[in-house]
Amino acid sequence: MTEPTTPAAWGIQLSRLWIASGQTFPVDVKMLALEVTKQRFQDPVGLVVPHGVVGIDGMLSWHEKKKIWCISYDEDVVMPGRINFTLAHELGHYFCHRQRQAEFHCGQGDMLDYQGAPSRKMEKEANVFASYLLMPATDFRQQIGNQTITLKLLGQVADRYETSFTATALKWLELTDEAAMLVVARDEFVCWSYPSKLASNRRAWLAPGTPVPESAIERLKLAANHSVNGWSHVPAGIWHPSLEAEESVIVSDQFELMIFLVRYPDARLVLHDEELETDTFDAMKDVSQGFGWSK
């Protein structure tokens with residue numbers, strides 16, 4: 001079997017292997033790690049065990065005496081989705097980075113940061129691997145289908161893959177044709193944001209440290225259960241200078257995070273209008289040159 005050369009390709013290959021073997025979702029990362037690496041490499045993953053290191057979600061480390069790699073994780077984490085993604089993240093380090101160093105220590109920030117500094121390139125690559133392994137694109141699209149995206153729907157998809165809401169929302173943003181953005185904030189300031197391709201084209205993102213819009217904070221405070229179901233209409237000038245938006249929000253009491261999912265229903269129409277105007281301008285410019293009007 002040809003060895004992949006990118007984190008995404010590794011994730012895709014292992015996901016296809018899992019599906020071809022007749023297994024169902026969610027992917028059993030522990031079983032996959034132990035069986036596949038034992039069959040394919042002389043330095044396999046030989047242990048997947050909990051650890052007692054405070055503040056470290058997951059570790060990948062080389063056991064010199066036994067000549068095996070060990071994946072360990074924080075067993076006190078109560079959300080299965082986080083544990084599963086942590087295991088996949090560490091397995092990503094194994095496939096993509098084990099030749100570079102003998103030990104990796106990863107915390108929650110590393111799991112969530114999809115747009116980190118160049119010095120954290122390996123963490124981003126481990127995230128990409130985990131995403132493609134746990135949530136294969138074809139199956140993911142089938143789960144969404146033609147349904148309107150909602151927090152409930154994303155939650156159902158997250159349950160299928162045993163992934164966190166954040167990881168699942170990021171996967172949807174990667175695959176969707178919609179203009180949408182995920183915003184993670186703490187203490188009413190943006191930690192990071194991640195736009196879909198169309199939203200990025202419309203310059204819909206917020207830099208770290210940007211204050212969360214006051215109207216969003218007020219709506220959040222009105223929610224007795226700390227979550228807002230459905231979508232709230234937001235006028236232009238709040239989440240984007242010129243685009244109206246729809247907003248949903250979740251508060252994670254465990255991490256003291258506010259997670260906003262923002263959609264821009266009119267972005268495609270606005271972009272299409274601009275493309276038509278550009279095409280018309282370019283066509284008229286070509287005609288003018290044909291008449292010798294250009295200088």
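I count two strands as paired if DSSP finds at least two bridges between them. Helices (H or I, at least four residues) and strands (E, at least two) are DSSP runs, numbered from the N terminus.

Ground rules first. I'm looking at a predicted model, where local features need pLDDT of at least 70 and side-chain atom pairs count only at pLDDT 80 or more, while totals for chains, interfaces and linings use all residues. Residues are numbered from 1 along each chain as its sequence is written, and side-chain values use heavy atoms, with hydrogens and water left out.

**Hairpin β5/β6**

I started with the turn: 2 residues sit between the strands of the β5 and β6 hairpin, and D187 there has a positive phi near 55°. β5 (residues 180-186) runs antiparallel to β6, joined to it by 6 bridges. I found M181 opposite P195 in β6.
Is β6 enclosed or open? In β6 (residues 189-195), 5 of the 7 residues are buried, so the strand is largely enclosed by the rest of the structure. Buried here is under 20% relative accessible area, exposed is over 50%, and partly exposed lies in between (1.4 Å probe, protein chains only).

**E256**

I looked up E256 next and found it in the loop between β8 (245-252) and β9 (257-263). With 58% relative accessibility, E256 counts as exposed. Leaving out residues up to four places away in sequence, E256 touches A185 and R186; contact means heavy atoms within 4.5 Å. A185 is 71 residues from E256 along the chain, yet their C-alpha atoms are separated by 8.7 Å.

**Cores**

For a nonpolar core I took buried Ala, Val, Leu, Ile, Met, Phe, Trp, Tyr and Cys residues joined through side-chain atoms within 4.5 Å. The largest one has 53 residues, and L91, F95, L133 and W172 have the most contacts inside it. Apart from that core lies another, of 24 residues, including M181 and V262.
Back to F95: not counting residues up to four places away in sequence, F95 touches W10, L14, V36, T37, F41 and F129.

**Helix α1**

I checked the length of α1 (residues 7-20): at 1.5 Å a residue its 14 residues should span 20 Å, and the end C-alpha atoms are 20 Å apart, which agrees. The expected span is 1.5 Å times one less than the number of residues. Among the buried residues of α1 are W10, L14 and W18. Their cover includes α2 (29-40), α3 (80-97) and α5 (121-134). After α1 comes G22, with a positive phi near 85°.

**Helix α6**

Which residues of α6 are buried? In α6 (residues 137-144) they are D139, F140 and I144. They cover an arc of only 140° around the axis, which puts them on the same side of α6; the arc is that of the directions from the helix axis to the C-beta atoms. T138 and Q142, on the other side of α6, are exposed. The buried residues of α6 pack against α7 (151-161) and α8 (165-175).

**The four-stranded sheet**

I read the order of this open sheet of 4 strands as β1-β3-β2-β4, with mixed pairing. β1 (45-51) and β4 (103-106) are at the edges with a single partner strand each, so one side of each is left without a neighbour in the sheet. β2 (residues 58-63) and β3 (residues 68-74) run antiparallel, joined by 6 bridges, and L60 stands opposite I71 in β3.
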